[in-house]
Amino acid sequence: MKKLALSVLTLPTTSRLFHPFVRSRATILTLHRFAEPDRQTSGHPVGMLDLQIAALRRGGYHLMGLDVLMRQLVEGVPLHPRSVVFTVDDGYGDFARMAAPVFARYDCPVTVFLTTGYLDRECWFWWDQVEYVITARPGSVELDLDGISWASSWGGGAEAQAAAGNLVERLKQIPDDQKQLAITRLSDRLDVPIPSAVPAQYAPMSWDEVRSLHQRGVAFGPHTVNHPVLSRTPDRQSEFELRQSWQRLSAEIASPTPVFCYPNGTLDAFGSREMATLRSMGLLGAVTIDHDHASLASVRDGGPDARFLIPRFPCPESRAGLIQIVSGMEFVKSRIRRWVGRR
């Protein structure tokens, strides 16, 4: 019944009733990986991405680039009604192979945030290393994580994926150096060596692909060098991750987007230290994952750090879920929930 109600409410004739609630707000969406059945990798289905962008085009939504939106927010320029921005985090190779052609087909702007050390193949993502080790074979392990024990056992398939996901979430909460030690211990105890070179299923785009896509209109922004949770790093590492990622990106393409993307993206994953560094670097702003719309009022009234706290929504894997967000229905629901919670 709930699914049926959502499908009715997200029809064009009914969803437009919510448009006035987000007239001065923009929706920024974020994606990460895209499914490649031939490579047996999971992610956002590109067929669904095609349907979603097509629905936005038919519905009269204004698909725009992140750089344009950020300048409007910072300069106080009124937003186009029903503005929608697509972003993609990390720099996985499946973006170039699977998603870029879909965005091009609909002339839909997109900004990809690159982890530069990953593209340089100096590292590969720590959460992928956890998945690689745990899904190698059934097993069990107990680890000491910054003074707290973590234990799990798993068979194959979904059990292994769940165990890996659980450990990843726990590792986000501890200092970065302790996280790396924990992953090394995990590898040793399960006797699954971590390859120094990134395995094919986790591989990044190449810089040649980045330059080619950039020439065809794809925008790219900085996303650190190694993708740590910045709030779990010491001062020197935090500054290095921000400054070096911007410098490295600027060396590879002529006009990178001067907007930073915080790894993990939640409000506890960074702080005033990072925002001060970004301000000193002269960047236009930064994006989070705060499940809200970007608005002129929040930037205008939010103080000097507001442009470094621009919220985004994870892109749902359904057309109805997407329309629920971009139409303003989710905005109305969230305000009702807040009102009920205060009673």
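A crossing counts as left-handed if the near helix is turned anticlockwise from the far one by less than a right angle, and as right-handed if clockwise.

**Entry 1: ground rules.** I'm working with a predicted model, where local features need pLDDT of at least 70, side-chain atom pairs count only at pLDDT 80 or more, and totals for chains, interfaces and linings use all residues. Residues are numbered from 1 along each chain as its sequence is written, and side-chain values use heavy atoms, with hydrogens and water left out.

**Entry 2: two helices.** I looked up H3 (residues 46-58) and H14 (residues 319-326), which pack at about 40 degrees with axes 9 Å apart. Helices here are DSSP runs of H or I, at least four residues, numbered from the N terminus. Axes are lines fitted to C-alpha atoms over the stretch in contact, and angles run from 0 to 180 degrees between N-to-C directions. Under 35 degrees is roughly parallel, over 145 roughly antiparallel, 65 to 115 roughly perpendicular and the rest oblique, so H3 and H14 are oblique to each other. Their crossing is right-handed. Met-48, Gln-52, Ala-55 and Leu-56 of H3 meet Arg-319, Leu-322, Ile-323 and Val-326 of H14; contact means heavy atoms within 4.5 Å.

I sorted that contact by class and got 6 nonpolar, 1 polar and 1 charged residues. Ala, Val, Leu, Ile, Met, Phe, Trp, Tyr, Cys and Pro count as nonpolar, Asp, Glu, Lys and Arg as charged, and the others, Gly among them, as polar.

**Entry 3: pocket linings.** I checked which element gives the most to the lining of the largest pocket, and H8 does, with 5 residues.
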